[in-house]
Amino acid sequence: MTDKAGEYHLPGYLFAREYSSLKQSSYDRSGGNHDSWSIPAGGTQEVFQAAGPGVITHIWFTIGGAGEHHLKEIVLRMYWDGQEKPSVEVPVGDFFGLNLGQYSLYQSAFLNCASIRALNCYFGMPFRKSARITVTNEGRHAVGDFYSNIDYQVMPSLPEQILYFHAQYRQATPNTARTYASEDKELNLDGKNNYVFLETHGRGHLMGVTLGVLQNRDLWMGEGDDMTFIDDATTVPVITGTGCEDYFNGAHDFAAGPFAYLYHGAHLISSPELAGGRYCLYRWHADNPITFRKYLK
């Protein structure tokens, strides 16, 4: 590969790196083959702790011997630089895009569920001083086998403008549909009654959204336009899209069935547009992260 001047660009992997590659896992400390942790009901297992500066590059979990709803009952928490409040506090299934508590095989740029029930995350997660990750079993049944491999890099320093990784979990049960007197009055300019994916203060950028929907009535659930409010724009959205399935880069109510691509997908579609129907969706903004300096909704 050459540039306009005809100069050859060497692949990045040919250059010496300044970091050390490390891994923390649930391997059997006795040298045997019991390479997992048991987590009793109500128990917490620390799965990662390291001093910085460094970056987590990959997380792999698989879970066995657990209750039927363990993807919702096991809560993943991540703490950066000794902070008491977690920057990530999400059911483990939702964190890996399995928002409805059931496994579905799919592949994307940052998350996947590989055969069989292998959960992978490739988001970079930097930390300056320290990083700590825990999983808590908030269910009534013990988790017999929680397997973990977490790859990370330790390095001399991190750039000043580096951003920390955060994940926010939200749920509405039920999420009540809006009703209108007639079709010509189905107007929505301010998003007052919209379902909120994310609301946060500070400076950063949005990398993506995962969404799980369990329909509580018939017909298509995704007609509302997506709206993004940035910084001081708390009443008028800066960005307005054309509908839920369009935001997730699908079209026409996902009528052709499930799909899973690099930056967007609907990897689970079951009984579409019927009460009891299920959808799991994701959209990554890796091509164009949505930036904010004060506020994002």
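Student: Why does arginine 77 count as buried?
Tutor: Arginine 77 has 14% relative accessibility. Buried means under 20%. The value falls under that cut-off, so arginine 77 counts as buried. Keep in mind that this is a predicted model.

Student: Where is arginine 77 found?
Tutor: Arginine 77 is in strand 5, which covers residues 74-80.

Student: What makes arginine 77 and glutamate 89 a salt bridge?
Tutor: The N to O distance between their side chains is 2.9 Å. The limit is 4 Å, for a side-chain nitrogen of Lys or Arg and a carboxyl oxygen of Asp or Glu. The pair is within that limit, so the name salt bridge applies. The two residues come from distant parts of the chain: arginine 77 from strand 5 and glutamate 89 from strand 6 (residues 88-91), 12 residues apart.

Student: Is glutamate 89 buried, partly exposed or exposed?
Tutor: Glutamate 89 has a relative accessible area of 41%. Buried is under 20% and exposed is over 50%. The value lies in between, so glutamate 89 is partly exposed.

Student: How do you know that glutamate 138 forms a salt bridge with arginine 77?
Tutor: Their closest N and O atoms are 3.1 Å apart. That is within 4 Å, so the pair qualifies. Glutamate 138 sits in the loop between strand 11 (130-137) and strand 12 (143-154), while arginine 77 sits in strand 5, so the bridge ties together parts that are 61 residues apart in sequence.

Student: Why does glutamate 138 count as partly exposed?
Tutor: Glutamate 138 has 49% relative accessibility. Exposed needs over 50%, and buried needs under 20%. Salt bridges with shared partners join Arg77, Glu89 and Glu138 into one network.

Student: What makes arginine 77 and threonine 136 a polar contact?
Tutor: The side chains of arginine 77 and threonine 136 make this contact at 3.4 Å. The cut-off for such a pair of N or O atoms is 3.5 Å. The distance is within it, so the pair passes on distance.

Student: How many salt bridges does a search of the whole structure find?
Tutor: The search finds 6. One of them joins the side chains of lysine 72 and aspartate 94 at 3.0 Å, N to O. Lysine 72 lies in helix 1 (residues 70-73) and aspartate 94 in helix 2 (residues 92-95), so the bridge ties together parts 22 residues apart in sequence.

Student: Which labels do lysine 72 and aspartate 94 get for accessibility?
Tutor: Lysine 72 has 30% relative accessibility, so it counts as partly exposed. Aspartate 94 has 7%, so it counts as buried.

Student: How many disulfides does a search of the whole structure find?
Tutor: The search finds 0. Take cysteine 113: the nearest cysteine sulfur, that of cysteine 280, is 10 Å away. A disulfide needs two cysteine sulfur atoms within 2.5 Å, so cysteine 113 is in no disulfide. Cysteine 244 is in no disulfide either, with the nearest cysteine sulfur, that of cysteine 280, 12 Å away.

Student: Are cysteine 113 and cysteine 244 buried or exposed?
Tutor: Cysteine 113 has a relative accessible area of 2%, so it is buried. Cysteine 244 has 12% relative accessibility, so it counts as buried.

Student: Which residues touch the most other members of the largest nonpolar core?
Tutor: They are Ile56, Ile59, Phe61, Phe95, Met125 and Phe146, in a core of 39 residues. Apart from it lies another core, of 13 residues, including Val209 and Phe254.

How values were computed. Residues numbered from 1 in each chain as written. Predicted model: local features only at pLDDT ≥ 70, side-chain atom pairs only at ≥ 80, totals over all residues. Heavy atoms only, no water. Buried < 20%, exposed > 50% of the residue type's maximum accessible area, 1.4 Å probe, protein only. Helix = DSSP H or I, 4+ residues; strand = E, 2+ residues; numbered from the N terminus. Polar contact = N/O pair within 3.5 Å; in protein donor to acceptor, adjacent residues only side chain to side chain. Core = buried A, V, L, I, M, F, W, Y, C linked by side-chain atoms within 4.5 Å.
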